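This report goes through selected helices, a ligand shell and some backbone angles. Please keep the sequence and the structure in view while reading.

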Amino acid sequence: MANVARGSTLAMGRPPLVDVIIPALDEEQALPLVLRDLRAQPWPLRHIVVVDNGSTDRTAEVAEAAGAVVLKEPQRGYGAACLRGLRFLSQLSLPPDVVVFLDGDYSDDPAEVAWLLDAIEAGADLAIGSRVLGRAEPGSLTPQQRIGNILATTLIRLVYGQRYTDLGPMRAIRYPALCALAMRDTGYGWTVEMQVKAVRLGLRVVEVPVSYRRRRGGASKVSGTLRGTLGAGYKILYTVLRHATAR
Ligand SMILES: Nc1nc2c(ncn2[C@@H]2O[C@H](COP(=O)(O)OP(=O)(O)OP(=O)(O)O)[C@@H](O)[C@H]2O)c(=O)[nH]1
Ligand SMILES: [Mg+2]
């Protein structure tokens, strides 16, 4: 599968520059596993950027120890952390070709990032890991997540005509496409904002089946809590509709 590992050039005549952004809040237990597996990948990887939103555990220390670039974002929120990571990338003298996002709780399998990069190599602008098309470990996707996914993806299909199966966190996107999206959401509307804006801009989007595990240690901030679930659910539906009315 991993064409990227076999000397991909993304049609640039040189190996692509791939940077990874990981939003992390109190993930000292799982993050070292994520970083270890990322480092073990055969595909070219420049920066692993861990954005810490005021963790009270040793998230920043374990990330630094693993050689990641560690950024601090005082404004809480999943999207705020991703935006902070993007700001860092935008200030590099050499921008990345591809940006990969994944979670810091080891639910996503870093080995499968290669499949997303293969899809980019094959021509996609945005490759989204679908946990629904792939194999989700029992208990890794809560019933409310599955229902939320169905609601959100049905709404996107009705409003935008695009079939998605998931709003999964693991994804790869060409950097120019990412810049064109002008991402804004500072919270859990981040993934869906990317997906609806991608449709509106006519990006080449593909879903790639990926696996998904239960988090390795640490506490859930989103789907495992009532507040997180309701907040994320509301934000996702609001984001779909807001961008629809902006058409
Ligand atoms: N920087 C930052 N990261 C966050 C924030 N909230 C969650 N995260 C990270 O975003 C990812 C997703 O959060 P999770 O708590 O795993 O949400 P979830 O996957 O719905 O819940 P679980 O099923 O328990 O894993 C993890 O890497 C978190 O550390 C936040 O406010 N700021
Ligand atoms: Mg998680």
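Helices, like strands, are DSSP runs numbered from the N terminus, and a helix needs at least four residues. The model described here is predicted. Just after helix 7, Gly202 has a positive phi of about 70°.

Helix 7 is mostly covered, with nine of its eleven residues buried. Those buried in helix 7 are Trp190, Thr191, Val192, Glu193, Met194, Gln195, Val196, Lys197 and Ala198. The cover over the buried residues of helix 7 includes helix 3, helix 5, helix 6 (175-181) and helix 8. Two strands also belong to this cover, strand 5 (126-130) and strand 7 (205-209).

## Helix 5

Helix 5 runs over residues 143-160 and has 18 residues. From its first C-alpha to its last, helix 5 reaches 25 Å, close to the 26 Å expected at 1.5 Å a residue. Just after helix 5, Gly161 takes a positive phi of about 75°.

Which residues of helix 5 are buried? They are Gln145, Asn149, Ala152, Thr153 and Ile156. Seen down the axis of helix 5, the buried residues fall within an arc of 95°, so they line one face of the helix. An α-helix has 3.6 residues a turn, so residues three or four places apart point the same way. The buried residues of helix 5 pack against helix 7 (190-200) and helix 8 (226-245). On the face of helix 5 turned away from its buried side are the exposed residues Pro143, Ile147 and Leu158.

## The shell around ligand 1

Ligand 1 is surrounded by 20 residues, and the closest are Asn53, Ala81, Ser220, Val222 and Ser223. Strand 1 and helix 3 (78-90) are the elements that give two or more residues to this shell. By type, the shell around ligand 1 divides into seven nonpolar, seven polar and six charged residues.

Most residues other than glycine have a negative phi. Asp26 has a positive phi, near 55°, and is not a glycine. Asp26 is found in the loop between strand 1 (18-24) and helix 1 (31-39). Is Asp26 buried or exposed? Asp26 is buried, because 21 other C-beta atoms lie within 10 Å and the cut-off for a buried residue is 20 or more.

Tyr106 also is not a glycine and has a positive phi, of about 70°. The loop that holds Tyr106 lies between strand 4 (98-101) and helix 4 (113-121). Tyr106 is buried, with 24 other C-beta atoms within 10 Å.

Definitions and conventions: Residues numbered from 1 in each chain as written. Chains lettered and ligands numbered in written order. Predicted model: local features only at pLDDT ≥ 70, side-chain atom pairs only at ≥ 80, totals over all residues. Buried ≥ 20, exposed ≤ 12 C-beta atoms within 10 Å, placed from the backbone. Expected span 1.5 Å × (residues − 1). Arc of directions from axis to C-beta. Contact = placed C-beta atoms within 7 Å. Near = placed C-beta within 6 Å. Nonpolar A, V, L, I, M, F, W, Y, C, P; charged D, E, K, R; others polar.
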